[in-house]
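User: I'm new to this one and would like to learn how to read it piece by piece. Could you walk me through it?

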Amino acid sequence: MMTKKFVPCIYLYHEHAVRSLTDLTVVDTDPLRLVKLYNEAGADELLVFDLSTEDAEHDAALNLLKEICTAAEMDVIGAGNVKRMEDVKKLLYAGCKRAVLDYEKESNIGITKEVSLKFGKEKLLASYNDAALLTEHKELLESYISGLILMNPHQIRQTQAVTQLPLLVQINQLALNKLMEIISYENVCGVTGNIINDNLKEIASLKALCQENGIPVETLRAAYRWSDFKKNSEGLVPVVVQDYRTLEVLMVAYMNEEAYENTLSCGKMTYFSRSRNELWLKGATSGHFQYVKSLTADCDLDTILAKVSQTGAACHTGNRSCFFQEITKKEYEESANPLQVFQDVLQVIKDRRVHPKEGSYTNYLFDKGLDKILKKLGEESAEIIIAAKNPNANEVTYEISDFLYHMMVLMVEKDISWEEITTELANR
């Protein structure tokens with residue numbers, strides 16, 4: 001049986017979150033606030049529908065979708081307003097892990113093969129209301145689509161009779177016993193819609209109920225039981241916490257068995273507070289949650305290394321890391337962290353744009369505009385090619401550095417971060 005997922009929805013209309021595809025009542029003027037709630041609830045994925053109709057509104061929705069993908073601690077599925085392959089590309093480039101083709105639209109059916117060959121079938125889902133569409137396009141779907149979104153929960157059995165493709169079912173209202181019946185179907189991979197939006201606080205309970213009934217759900221699976229660890233004299237295990245992106249050490253805390261099990265079940269770092277003598281879900285008061293990316297034990301099984309996505313500051317003082325009070329330091333030359341160098345240079349370029357400096361070449365490029373920046377990029381790329389034909393590799397290094405600088409000017413001009421670039425590269 002496949003792992004089941006609980007997937008909330010955001011229906012975007014005029015940059016607000018509305019009730020549903022057919023009910024445009026505004027439920028939140030700030031969809032990013034909803035993303036935060038979905039993160040905290042432990043949602044497995046997030047489905048976002050763009051309900052825009054005009055081009056300008058569509059562009060604004062894509063910009064907001066990009067922010068949603070950055071803020072979400074789960075994979076985002078992008079849907080709505082797909083007319084051609086370019087629209088799928090925009091959804092994926094905004095950060096969506098998968099895009100949805102609406103099979104109620106003939107144009108979406110027509111681009112299936114082309115889009116699948118371009119981006120891969122694992123990037124595509126198809127949505128539909130009537131299982132008769134599946135019969136008609138069964139071969140196309142099974143060849144070029146990785147899964148389905150059923151918008152009408154009354155068509156599950158009809159769908160099962162046609163295909164065993166993974167099926168995400170949209171449900172608005174349903175009794176608990178009926179929900180459990182649906183999620184137990186073999187090819188149903190999860191449920192989405194207002195049944196999840198309206199019951200976010202129940203996701204943990206629903207997952208526990210699934211586990212009690214032998215239905216697999218998304219949880220952190222631990223290779224070690226608590227009894228495998230060597231505890232200190234207080235029965236605790238120290239935990240060193242790192243930012244999973246930068247590897248910066250954020251804090252050190254302690255776990256007891258309850259904290260360990262709670263961390264695994266909810267996916268958020270939970271500790272035992274020695275000063276308060278109680279369980280401590282990091283962020284429960286401050287909102288500065290730590291979402292688990294990995295837990296690793298040391299060689300003696302007496303210390304845990306946690307890599308996390310940190311919301312806000314890790315330290316109670318408001319500092320990003322608890323380690324900021326320098327005791328002593330011997331002068332040494334630090335090895336350059338490539339990403340940190342790129343970040344630092346990009347930050348300087350950003351600062352030049354906000355605080356122009358007389359005589360600055362960077363400001364000269366910004367003043368001349370996009371065409372000048374692009375012209376310089378073209379020139380520098382040609383310089384790399386010419387330098388590469390010469391035997392001295394140092395010249396190539398110099399020209400690549402020039403190119404990267406001008407590329408970063410373009411990144412600032414187009415409001416692109418290194419994180420977006422590295423995330424895109426990592427996904428390829």
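User: Let's start with a helix. What covers the buried residues of α11?

Analyst: Keep in mind that this is a predicted model. The cover over the buried residues of α11 includes β1 (5–7), α1 (31–41), α9 (176–183) and α10 (194–197).

User: Which residues of α11 are buried?

Analyst: Helix α11 spans residues 203–212, and its buried residues are Ile 203, Leu 206, Lys 207 and Cys 210. Looking down the axis of α11, you find these buried residues within an arc of 100°, so they line one face of the helix. On the other side, Ala 204 and Glu 212 are exposed. Just after α11 comes Gly 214, with a positive phi of about 75°.

User: You mentioned α9 as part of that cover. Is Met 180 buried or exposed?

Analyst: Met 180 sits in helix α9. Its relative accessibility is 13%, and that is why Met 180 counts as buried. Leaving aside residues up to four places away in sequence, Met 180 touches Leu 209, Cys 210 and Ile 215. Met 180 and Asn 213 are 33 residues apart in sequence, with their C-alpha atoms 9.3 Å apart in space.

User: Now the sheets. What holds strands together, and in what order do the 11 strands of the open sheet come?

Analyst: The general idea is that strands of a sheet pair through backbone hydrogen bonds, either parallel or antiparallel. Here, the 11 strands follow the order β1-β11-β10-β9-β8-β7-β6-β5-β2-β3-β4, with mixed pairing. At the edges stand β1 and β4 (26–28), each pairing on one side only. Neighbouring strands in this sheet are turned by 30° against each other on average, ignoring direction.

User: How many bridges does β5 make with β6?

Analyst: β5 and strand β6 (residues 75–79) pair over five bridges, in the parallel sense.

User: Which way do the side chains of β5 point?

Analyst: In a regular strand, side chains alternate between the two faces of the sheet. In β5, Glu 45, Leu 47 and Phe 49 point one way, while Leu 46, Val 48 and Asp 50 point the other way. Strand β5 (residues 45–50) is mostly covered, with six of its six residues buried.

User: What is the order of the four strands in the other open sheet?

Analyst: The order is β13-β12-β17-β16, and the pairing is mixed. β13 (249–255) and β16 (290–297) are at the edges with a single partner strand each, so one side of each has no neighbour in the sheet. Inside this sheet, strand β12 (residues 237–243) runs antiparallel to β13, and six bridges join them. Val 240 has Val 252 in β13 as its bridge partner.

User: How do I read a nonpolar core, and which residues have the most contacts inside the largest one?

Analyst: In soluble globular proteins, nonpolar side chains tend to be buried together. The largest nonpolar core of this model has 62 residues, and those with the most contacts inside it are Phe 6, Ile 10, Leu 46, Leu 65 and Val 88. The largest share of this core comes from α2, with five residues. Leu 65 touches Val 48, Val 76, Leu 91, Ala 94 and Cys 96, not counting residues up to four places away in sequence. Apart from this core lies another, of 20 residues, including Trp 226, Val 239, Val 241 and Ala 253.

User: To finish, how many helices and strands are there in the chain?

Analyst: The chain has 17 helices and 17 strands. Of its 428 residues, 42% are buried. The C-alpha atoms fill a box of roughly 70 × 65 × 45 Å along the principal axes. Among contacts with a separation of 6 or more, 56% involve residues 24 or more positions apart.

Conventions. Residues are numbered from 1 along each chain as its sequence is written. This is a predicted model: local features need pLDDT of at least 70, side-chain atom pairs count only at pLDDT 80 or more; totals for chains, interfaces and linings use all residues. Side-chain values use heavy atoms; hydrogens and water are left out. Two strands pair if DSSP finds at least two bridges between them. Helices (H or I, at least four residues) and strands (E, at least two) are DSSP runs, numbered from the N terminus. Buried means under 20% relative accessible area, exposed over 50%, partly exposed in between (1.4 Å probe, protein chains only). The arc is that of the directions from the helix axis to the C-beta atoms. Contact means heavy atoms within 4.5 Å. Axes are lines fitted to C-alpha atoms, for helices over the stretch in contact, and angles run from 0 to 180 degrees between N-to-C directions. A nonpolar core is a set of buried Ala, Val, Leu, Ile, Met, Phe, Trp, Tyr and Cys residues joined through side-chain atoms within 4.5 Å.
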